[in-house]
Amino acid sequence: MATRKQSDSVLEVERSKTKPPPLFKVMLLNDDFTPMDFVIVVLQKFFSMSREQATRIMLKVHREGVGVCGVFPRDVAATKVELVTGYAREHQHPLACVMEES
Ligand code: TYC
């Protein structure tokens, strides 16, 4: 915040006009075909999770249908979605990874 001296000598607070950049949740969706172990590897490899943390998130997605892997700026989130989707397709799995503004 800055102050600005006006011609009539009234000091007015100048509000910041810049919004913080939006953040995006990257999520995995459940399906009936992707092996549980593959999902755990994805969470470790692309989201730097421990095996224990990855197992917890995988089971949440398996039971509830969706789970958050992390929250990132737009370009980082979009890259994670692309890399995970590419990796899943390379291994012939239908795993769905999506992003949503949080
Ligand atoms: N439901 C899958 C199974 O029973 C496991 C799974 C978990 C798949 C999470 C996708 O995002 C996912 N093999």
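The buried residues of helix 3 are covered by elements that include strand 3, helix 1, strand 4 and strand 5. Contact here means heavy atoms within 4.5 Å. Helices (H or I, at least four residues) and strands (E, at least two) are DSSP runs, numbered from the N terminus. The model is predicted: local features need pLDDT of at least 70, side-chain atom pairs count only at pLDDT 80 or more, and totals for chains, interfaces and linings use all residues. Residues are numbered from 1 along each chain as its sequence is written, and side-chain values use heavy atoms, with hydrogens and water left out.

Helix 3 spans residues 74-90 and has 17 residues. From first C-alpha to last, helix 3 reaches 24 Å, close to the 24 Å expected at 1.5 Å a residue. The expected span is 1.5 Å times one less than the number of residues. Ala77, Val81, Val84, Tyr87 and Ala88 are buried in helix 3. Buried means under 20% relative accessible area, exposed over 50%, and partly exposed in between (1.4 Å probe, protein chains only). Seen down the axis of helix 3, its buried residues fall within an arc of 140°, so they line one face of the helix. The arc is taken over the directions from the helix axis to the C-beta atoms. Asp75, Glu82 and Glu90 are exposed on the other side of helix 3.

Arg89 also lies in helix 3. Arg89 is partly exposed, at a relative accessible area of 42%. Apart from neighbours within four places in sequence, Arg89 is in contact with Pro94 and Leu95. The Arg89 side chain reaches the backbone oxygen of Leu95 at 3.2 Å. A polar contact is a pair of N or O atoms within 3.5 Å; within protein, one must be able to donate a hydrogen and the other to accept it, and residues adjacent in sequence count only if both atoms are side-chain atoms. Just after helix 3, Gln92 takes a positive phi of about 60°.

Helix 2 covers residues 51-64, with 14 residues. Its first and last C-alpha atoms are 20 Å apart, close to the 20 Å expected at 1.5 Å a residue. Ala54, Ile57, Met58 and Val61 are the buried residues of helix 2. Viewed down the axis of helix 2, these residues fall within an arc of 100°, so they line one face of the helix. Their cover includes strand 3 (23-29), helix 1 (36-47) and strand 4 (66-73). The face turned away from the buried side of helix 2 carries the exposed residues Glu52, Arg56, Arg63 and Glu64. Gly65 follows helix 2, with a positive phi near 95°.

Strand 3 runs antiparallel to strand 4, joined by seven bridges. Strand 3 is also antiparallel to strand 5 (residues 96-101), with six bridges between them. Two strands pair if DSSP finds at least two bridges between them. Val26 has a bridge partner in each: Gly70 in strand 4 and Met99 in strand 5.

The ligand is surrounded by Leu28, Leu29, Asn30, Asp31, Thr34, Met36, Val39, Met58, Val61, His62 and Leu95. A polar backbone atom of Leu29 is 2.8 Å from a ligand oxygen atom. A ligand nitrogen atom lies 2.7 Å from a backbone N or O atom of Asp31. A polar side-chain atom of His62 lies 2.9 Å from a nitrogen atom of the ligand.

Terms used: Near = heavy atom within 4 Å.
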